[in-house]
Amino acid sequence: MSFDLSGRTALVTGASRGIGYFLALELAKRGAHVIAVARTVGGLEELDDEIQAMGNTATLVPLDLKDMPALDLLGSSINDRWGKLDILVANAGVLGTISPVGHVEAKVFDNVINTNVTSIWRLIRSVDPLLRRSDAGRAILMSSGVAHTARAFWAPYAASKAALEVMGRSWAEETKQMPLRVNSVNPGATRTAMRAKAMPGEDPETLPHPADVAAKIVQLADPALTITGQLYDVRQDKFLHYHMPS
Ligand code: NDP
């Protein structure tokens, strides 16, 4: 996918490893300035080194996304420096524990919902005016197949991803007359730390590398993209269309 993102700014959450790391690289490769958010400074610095080696720059934001007041401030900091935001990748997420729904600890449930839904709403609230100011604003929300397929023992995570997708669709509907395009993604099983935690008995070598998955997802940042309010399925390399009100 060869499109140019020079002069554009992309905020990527969960950029310290896994899919977010490689998506940040894909965006930087196309010329975007990446604002990389995660808690692990080492992972962010590694990303920064790779981006500098390709002759581009990044801004590192070591942050716990559950720090809601910090998310409120992030929008104004981006506004002060760039005056707009072109791409938001809400990729960071946590799995929680895999257990029967009646056995899930309250703190685990809260952590999953706060990280996978509430923080993203708070981030959207913070940067929505900046995305609307871009001539080709793009929002990419990282969902999961379990938002649609019943899977025993994954209730908090599945509920969080379903909530994220529905929130994204509402946002897309609100903004469909604007250049802003809002879409969700099902990356499919990918060779990352989260997947290894979810499926400890699985051979990671049987799974796609996050670099290959990111190379497909990046097309949702294309300034020429017209689709909004839909779900992109990486495995099938196509949009699975939701019903949209006319
Ligand atoms: P990883 O566990 O490898 O990476 C998760 C990223 O999220 C890390 O960079 C982590 O950074 C960041 N993160 C988690 N919690 C926080 C927090 N509180 N504050 C800031 N950053 C946080 O996951 P994947 O790369 O596998 O997953 C990326 C996305 O794709 C997730 O939303 C996941 O649900 C989704 N997905 C993944 C699939 C897979 O098979 N891998 C399948 C379907 C969906 P740090 O710990 O440094 O803060």
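Biologist: A residue is buried if 20 or more other C-beta atoms, placed from the backbone, lie within 10 Å of its own, exposed if 12 or fewer do, and partly exposed in between. On that count, how many residues of α1 are buried?

Modeller: Eleven of the twelve residues of α1 are buried, which leaves the helix mostly covered. Bear in mind that this is a predicted model, where local features need pLDDT of at least 70 and side-chain atom pairs count only at pLDDT 80 or more, while totals for chains, interfaces and linings use all residues. Numbering starts from 1 along each chain as its sequence is written.

Biologist: Which residues of α1 are the buried ones?

Modeller: Gly18, Ile19, Gly20, Tyr21, Phe22, Leu23, Ala24, Leu25, Glu26, Leu27 and Ala28. Element names come from DSSP runs, with helices H or I of at least four residues and strands E of at least two, numbered from the N terminus.

Biologist: And what follows α1?

Modeller: Gly31, whose phi is positive, near 105 degrees.

Biologist: Over to the ligand. How many residues surround the ligand, and which are the closest?

Modeller: There are 28 residues around the ligand, and Gly14, Gly18, Arg39, Thr40 and Gly93 are the closest.

Biologist: Which strand pairs with β6 over five bridges?

Modeller: Strand β5, residues 138–142, in the parallel sense. Pairing here takes at least two DSSP bridges between the strands. In that pair, Met142 stands opposite Val185.

Biologist: And over three bridges?

Modeller: Strand β7, residues 231–233, also pairs with β6 in the parallel sense. There Asn186 stands opposite Asp233.

Biologist: What about helix α5? Which of its residues are buried?

Modeller: Among them are Ala155, Pro156, Tyr157, Lys161, Glu165, Arg169 and Trp171. Leu164, Gly168 and Ala172 are on the α5 list too.

Biologist: Where is Ala159, and why does it count as partly exposed?

Modeller: Ala159 is in helix α5. It counts as partly exposed because it has 18 C-beta neighbours inside 10 Å. Ala159 lies 6.7 Å from Ala147, C-alpha to C-alpha, although the two are twelve residues apart in sequence.

Biologist: Backbone angles next. What is phi of Phe153, and where does the residue sit?

Modeller: Phi of Phe153 is near 80 degrees, which is positive in a residue other than glycine. Phe153 is in the loop between β5 and α5. With 14 C-beta neighbours inside 10 Å, Phe153 counts as partly exposed.

Biologist: And what is phi of Asp237?

Modeller: About 50 degrees, a positive value although Asp237 is not a glycine. Asp237 is in the loop between β7 and β8, the latter at 238–240.

Biologist: Buried or exposed, that Asp237?

Modeller: Asp237 is exposed, with 9 other C-beta atoms within 10 Å.

Definitions and conventions: A residue is near a molecule or strand if its C-beta atom, placed from the backbone, lies within 6 Å of it.
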